[in-house]
Structures are given as structure tokens and as C-alpha cells.
Amino acid sequence: MDHNLATAEKDVLEELMKLAQIRGLGGEHGGWKEFLAVNDHKDITPYDLSMVSRDALVAFLTTFKNKEDLQAMQIRANSLLVKKLKQESPENDTHEQMLIRLTMKHQEFSIDYCFRSYSNDWFLSDIGMKSSMVKNSTNMIAVDCEMVLCEDGTEGLVRVGVVDRHLKVILDQFVKPDKRIVDYRTVITGVNAQDIEKATLSVVDIQRELQPYLSNGAILVGHSLNKDMKVLKIDHPKVIDTALVFKFSNARNSRKPSLNDLHKAIFGKEVRKEGVPHNCVHDAEAAMNIALAFIEDPFDTTISPSKEMLEAEKSRLFIHRIPSRVPSEKLNFALAGEFLTKKFKLDVKPAKTLGGYYCAVAVFVSAEEAEQAFENVNGYEETDSFGLPQKMFDVKLRSKRNASCYVRKMV
């Protein structure tokens with residue numbers, strides 16, 4: 001902390017002083033006025049920080065030892081850095097900085113990256129207090145995590161993959177959550193109970209592995225990166241989120257592209273085949289490759305979907321608001337009867353919270369079969385909030401009661 005303050009820019013130091021004065025914070029020997037009196041700085045006006053030397057500011061701020069006060073100072077310094085990154089002149093941007101700016105300009109950035117629940121087990125980046133040389137670093141690492149559902153309804157980290165700018169694997173480790181797991185989501189994560197039984201690392205161990213890169217100014221890259229940062233309990237202001245930077249021209253504003261679709265549109269190949277579990281190292285590599293493609297030769301961030309992608313969307317139906325009490329097997333059976341159609345594949349997306357609603361995608365052989373299936377659903381046709389056609393239908397349960405779900409067209 002002391003070293004960071006010694007190299008911080010004066011405007012950062014002044015911002016930290018304002019925070020201390022507003023909150024009435026003090027160091028080992030009291031507040032700013034007491035500090036000036038003890039150190040015989042009678043010539044300094046307490047409230048005119050522009051006239052105070054950076055050495056005097058550093059000397060006072062280094063007297064702070066309270067952990068909560070130090071954390072508040074780091075948060076303020078990082079907030080100032082985010083503000084600067086947003087306001088930086090585009091003409092002076094590197095392509096890496098441009099991607100950071102595009103991430104921060106997204107309408108959902110302030111919500112997605114607002115990590116307010118700080119506690120002792122969070123790693124809070126100190127990059128905002130460091131010198132411009134460190135803050136302007138264009139080094140990058142990409143991260144992707146696999147998460148399971150824990151008994152309290154939260155998500156637990158079970159595997160993490162990290163690669164550097166040259167796609168060298170920095171980390172590929174299983175992690176043992178500190179809460180009981182109720183759903184391994186093996187179909188998606190590829191992780192099972194045997195994998196976790198062998199795991200010895202904790203979230204704190206992973207933070208320690210990543211700390212040197214982040215403290216040296218590395219940009220954190222990922223797809224829907226906020227979810228990974230939340231489960232890693234890491235708050236770092238320099239981020240590139242490919243889910244916020246890029247979008248498809250036919251997508252509604254709030255819809256973020258999937259990593260698989262985005263990678264296929266840019267490079268012509270999938271990250272993973274449909275139905276195959278995720279591999280966090282491969283996903284981290286894919287996010288890094290997307291960022292590198294833009295950095296090496298910038299292109300329009302609004303991407304036209306291929307004809308193949310559009311046709312694939314037409315051959316799918318989205319089933320949502322499925323109550324947790326409806327087993328996916330029962331849903332599959334019910335839909336097959338409801339749709340009066342030929343075979344289709346059901347790709348189930350687990351609930352984000354314990355006991356919450358889940359969703360699924362029904363994948364048909366052709367767009368014609370998907371259209372016919374939708375027409376055969378016995379329900380009143382309406383449109384969702386984005387104007388897409390949908391119907392409500394019932395699933396019969398063992399209790400002989402019905403559970404209502406919605407089926408919606410993808411385009």
C-alpha cells in the first residue's frame with residue numbers, strides 16, 4: 001500500500017484525501033489537521049489540496065492502517081481509474097484500451113460490474129493507486145470458470161482456466177467450494193463429484209495465483225466476465241468483456257451473443273459442438289482470440305450473422321419459466337406429445353437459483369419442423385416484451401396437477 005501511494009498520480013492522492021475528509025477518516029495520529037500540526041506544516045491550508053505537495057499527501061495517507069479505510073481508498077482509486085478509462089480520448093487509445101472503453105460503454109456495464117459485497121475473502125485490485133506505466137499496461141490474461149449450484153442457492157466455483165496473450169495456459173485447476181453442492185450441472189460443466197473430491201484448491205488460492213498479473217496492470221479478458229469475477233470474488237477495473245463489446249445485427253439490444261456463436265461468426269468454427277460440455281481453458285482461449293482479432297485488425301463490433309446461424313435459430317424453440325418441480329425428462333415427454341412432431345433435442349439450462357425457474361432450447365431437424373411444432377402447441381399466441389411470438393402450455397405432473405411453461409420462437 002505504501003509503495004503504491006508513493007507512485008500514484010497527484011490527482012489520485014487528492015481524490016483519496018477528499019474521501020478521508022468527507023468521511024472524517026484519520027491515520028495513526030489523527031486526521032489531516034492533526035497531521036499538519038504534528039508535522040509543523042502550518043503554512044499549508046487544510047482544504048486547498050492543490051497547494052499541498054504530493055510528498056505531504058503521501059506522508060499523511062501512509063499513516064492509515066485500518067483495513068476498512070484502506071479498502072475504501074482502493075475502491076475510490078479504482079473508480080477514478082474507470083472514469084478515466086471511459087473519458088480517454090479515442091485518438092490516444094491503443095486497441096486494447098479501445099476494447100476496455102467499448103466494454104464500459106455498454107448500457108449494462110455499471111450493473112454487471114458493480115461488486116458491492118466486499119468481505120475478507122474478496123481480492124480487491126490495487127491497480128488504481130499505481131503509476132501510469134502500470135495502469136496503461138496492455139498485458140492481457142483471459143479467464144473462464146465452471147460453476148455448480150450450492151445448497152444455499154448460490155453458485156460455487158469448481159474449475160478455472162486462465163491463458164495469457166500467447167494462449168499459454170497459466171491455470172487449469174479444479175476448485176473445492178466451501179458449501180455443499182446440490183447440482184454439478186455435469187452436462188454443461190463436464191465436472192462430477194469425483195473431480196471435486198480430488199480438488200485441494202480454494203477460491204483464495206486462485207486469487208493468489210492471479211494477483212501478480214492483476215497487480216502488474218494486466219487486462220482481464222472474458223465472455224460474460226462479470227459472472228467469473230463474481231464467483232472468483234475478484235474486483236479489477238481493467239476488463240474486456242467480449243459479450244458486451246460485440247453483438248449481432250439481428251439481436252435485440254439486451255441480448256448478448258453466446259461465445260460459441262460469436263467465435264463461429266468471426267472465425268468460421270465453433271468453440272464446442274452442441275451438447276458437448278464446456279471446457280474452461282478452451283473458452284478462455286476463445287475469448288482471448290476474439291479480443292486479439294480485433295486488436296490486430298479492428299473491425300465493426302456489430303456482426304452480421306451467417307445464413308447458417310439464422311437457419312439454426314429458426315430450427316429452435318425456447319422453453320422458459322419452467323418451474324423447478326418439473327423434471328426435464330417429464331418436460332421432454334410432455335413437449336413431444338404437445339408438439340405432435342418428430343424427434344427433437346432438448347438442451348436444458350439449469351436454474352440460476354435453488355428452486356427457481358429454469359429454461360431449455362428445443363432443437364429440431366429443420367425450421368419447418370420447429371414452425372409446425374409451435375403451431376401445434378395448444379395455447380393462446382402472444383408476443384413477449386421484445387415482440388417474439390410465444391405461447392403458454394401446460395405440463396402434467398405426477399400429482400395430476402398442471403404446471404405452466406412458455407414456448408417462444410427464437411427469431
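Colleague: How much area do domain 1 and domain 2 bury between them?
Modeller: In this predicted model, domain 1 and domain 2 bury about 1,800 Å² between them, and 62% of that area is on carbon and sulfur atoms. Buried area here is the accessible area (1.4 Å probe) lost when two parts are put together, summed over both.

Colleague: Which residue ranges are the domains?
Modeller: Domain 1 covers 10-94, domain 2 covers 97-303 and domain 3 covers 308-409, with bounds from an automatic or database domain assignment. Taken over C-alpha atoms, the centres of domain 1 and domain 2 are separated by 32 Å, and the contact between these two domains (heavy atoms within 4.5 Å) takes 20 residues from domain 1 and 19 residues from domain 2.

Colleague: How many salt bridges are there between domain 1 and domain 2?
Modeller: The count between domain 1 and domain 2 is one salt bridge, a term for a side-chain nitrogen of Lys or Arg within 4 Å of a carboxyl oxygen of Asp or Glu. The side chains of R101 and D93 meet in a salt bridge, with an N to O distance of 2.8 Å.

Colleague: And which helices supply the side of domain 1 that touches domain 2?
Modeller: At least two residues of that side come from each of α2 (10-23) and α5, and α5 provides the largest share, namely 13 residues.

Colleague: Staying with α5, where is T62 placed, and is T62 buried or exposed?
Modeller: T62 is in the loop between α4 (54-61) and α5 (67-87). T62 counts as buried because its relative accessibility is 18%, where buried means under 20%, exposed over 50% and partly exposed in between (1.4 Å probe, protein chains only).

Colleague: Let's jump to T242: which element holds T242, and why does T242 count as buried?
Modeller: T242 belongs to helix α13, which runs over residues 242-245, and T242 counts as buried because its relative accessibility is 1%. Setting aside residues up to four places away in sequence, T242 touches G222, H223, L262, A287 and I290.

Colleague: Now C359, what is C359 in contact with?
Modeller: C359 sits in strand β13, residues 358-363. When neighbours within four places in sequence are left aside, C359 is in contact with F318, I319, H320, I322, D347, V348 and K349.

Colleague: How far apart are the C-alpha atoms of C359 and D144?
Modeller: The C-alpha atoms of C359 and D144 are separated by 22 Å, and the two residues lie 215 residues apart along the chain.

Colleague: Last topic, the whole chain: how many helices and strands are there?
Modeller: The chain has 18 helices and 16 strands, counted as DSSP runs numbered from the N terminus, with helices (H or I) of at least four residues and strands (E) of at least two. The C-alpha trace spans about 85 × 45 × 40 Å along its principal axes, and buried residues make up 48% of the 411 residues. Among contacts in the chain with a separation of 6 or more, 67% are between residues 24 or more positions apart.

Conventions:
Residues are numbered from 1 along each chain as its sequence is written. This is a predicted model: local features need pLDDT of at least 70, side-chain atom pairs count only at pLDDT 80 or more; totals for chains, interfaces and linings use all residues. Side-chain values use heavy atoms; hydrogens and water are left out.
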